[in-house]
Amino acid sequence: MATIEVRPQQIQQGGRVSLFATPSRQTAGGTTEPTAAEAATTVTWEVIGFGPLPSDPTDPVRALWDVPDDQQPGAYTARVTFRSPGVADDVGTADITVQVRPFAAGDSINVQLRRAGSDPTDDQALWTAIRRSTDRISFNEYSAFIDPIMCNVAPLPGAREPRKSIGPRALPFPGVDAYRLLKVATEVFLIVRCGVLVDSNDLTSPFEGVDLEEERRRYGESGDVDGDAFGRAIQQRWLRYISAHSPGERRPDEQDLALLPYLGVIRLKLGELAITDADKFGVECFGILRDKLTFPCFLELIWSYWHEEGMLVQSTEAIASRFQNLHGPGDYDPLAHVDIDPLRALNQLMWGYVQDEQNRLSPLRRAYEYDHQYGITQLAPGGPPLRPVDSRPRFLEAFHTLLSLTSVFFREDDDTTIIADGFPVLNALKDVHLLLTEGQHNQYGDLPWTARQEMLMEEWLLARPEMREFLPGRTMVAYPEQWMDRVDTMKRLQGWTPDTVIHFRDLGRFGEQLLLSIRYGNWNAVNDRTQAANWARYWRSEIQGYLHSYRSVTGVDLGLERVDTRIDATMPAVHLRRRLLEQQGRHTVGAGSDQRGARQLGRAESRAQLPRAAARAPRELPRGKQPERRPAGLPPGRTGSARRGRPEGE
């Protein structure tokens, strides 16, 4: 591979860059005795994003680039190609940075109003890695991973280090081999795809498959410059970000250890403990688990919360109840026509799903963890009240305040006569980061993983072609994921929340990415408003998508301009119950203003068709008073004591 020497490597607009190329094939001592093929070698030069460069007529391995005065600033790549007959091309590249030329006397200045920009920050690379990691565990990626395995076309891939390996797995029931394979393959999928390896020697894996053009727009950079050079610039920001620490903040044997800055602070607090390898739990190897520190898994439980509010779990459990011949609520079971014949794979998969019920998380387990991490739950009437030890009742207020302040920031940022202030956003980020990390204990790493594994499997089961026979969806609706129309159909059959599951999916997806960027950012050490401004601009699509979906399912617009400082911190479940009862009331009330008795009867009949989680309207509470926390509702026709192997109340 040829090499290029650039003088200088950073040049201002209107300057000159000298380029010197050295082919990979030279004789010893640097002298060259050209062969016939070498004598016929041609040398071509170009700058990607600019165009070809002429070679020096007297020395083809030398070229000059006279940078135009109006050349767009940014990173460029110079490339030289040595082409000889019958020999592979010898290509070399080098990076060149074009900087803005300072104004000089006599320069004309064009004045125009443009959006205020900001300097790039290294933590932007973390946000790129988070987006890539969460996209890699989406349902569409999961389905493409699972289908070949379940069709026996592809084997289970081996998990890459330092993640743990998959050992033997078994279920103590006959006829569940297909479900066991699905469960193990889903675990392997998360092991292979979840998280980002933090390693200064591997700067490419966190950004494999990243859309560089989209990242360029999110970073606020413009211009027709080389994408490869921009990709390398992201990697250099990532390297600086994971390697940044002050002298003395590491153990002597860990000075070169690469960590996320937030986890580096935690490592410093546990400085007396050594870092041990994975799967070593004895007293003699007591210490910090390496894979938890250097390979964080980017999962947020809020993804599971919003999918559960969207009735994903309830839909699968309702089908499982019908599979066991359990009658639903009311006189008529809307799933009475569900007959899954034993000749197709769905029958065996559902058999394994039902038999494995005692090994899945209960709604109560998830409800307690929702409350522990976010201070939210599903408030199912009729269930035992929650008695949590540790809760985050202020999380919703802090998170909704952050979303409201970013809306103000966007309005100011779009106004070309104003320089938007990032300090309010920065202070709100610090508040949310503190609350998130307070709940980052006990079940934090394992329960979100297990909930994600179970819900991905439920999505895949609902996406099976057989489901379309008794849960036919609307063909002309372009659902982004195959399981969604089955859930919306189940909602219509059962009389559940009328809002499409697309909004709930978006709330889970966008909420997860936003909270991960806040949780793993070292915001308590940030005093520069530029970083907060960059965060808001980078995540603008996700923030506005979350605001839109939240307004669609709850009726509350968190982005409205406010004349006071009050922020809606009511649990989303309360708004969802209210809207459900309103929807049911509109469908059952007869025409005419004098039919009050019919209205009362209609409401009574409609309540009989609601899921347990929405059977009772919440009462009005004084401002600031938290409603009584109750666990998530079980599927129709089930009770807490009916779950196999679970004591009453769990």
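1. Helix α2 covers residues 124-136, where helices are DSSP runs of H or I with at least four residues, numbered from the N terminus. Its 13 residues should span 18 Å at 1.5 Å a residue, and its end C-alpha atoms are 19 Å apart, which agrees; the expected span is 1.5 Å times one less than the number of residues.

2. A friendly word on the source: this is a predicted model, in which local features need pLDDT of at least 70, side-chain atom pairs count only at pLDDT 80 or more, and totals for chains, interfaces and linings use all residues. Residues are numbered from 1 along each chain as its sequence is written, and side-chain values use heavy atoms, leaving out hydrogens and water.

3. Helix α2 is mostly covered, with 12 of its 13 residues buried (under 20% relative accessible area, 1.4 Å probe, protein chains only). Among them are W127, I130, R131, R132 and R136.

4. Have a look at helix α12 (residues 363-374) and helix α15 (residues 446-462), which pack at about 130 degrees with their axes 11 Å apart. The contact (heavy atoms within 4.5 Å) is made by R365, R366, E369, Y370 and Q373 of α12 and by L447, P448, A451, E454 and M455 of α15.

5. Finally, S549 sits in helix α20 (residues 540-554). S549 is buried, at a relative accessible area of 2%. Leaving aside residues up to four places away in sequence, S549 touches H503, D506 and L507.

Technical notes
Helix = DSSP H or I, 4+ residues; strand = E, 2+ residues; numbered from the N terminus. Buried < 20%, exposed > 50% of the residue type's maximum accessible area, 1.4 Å probe, protein only. Axes fitted to C-alpha atoms, helices over the stretch in contact; angles between N-to-C directions.
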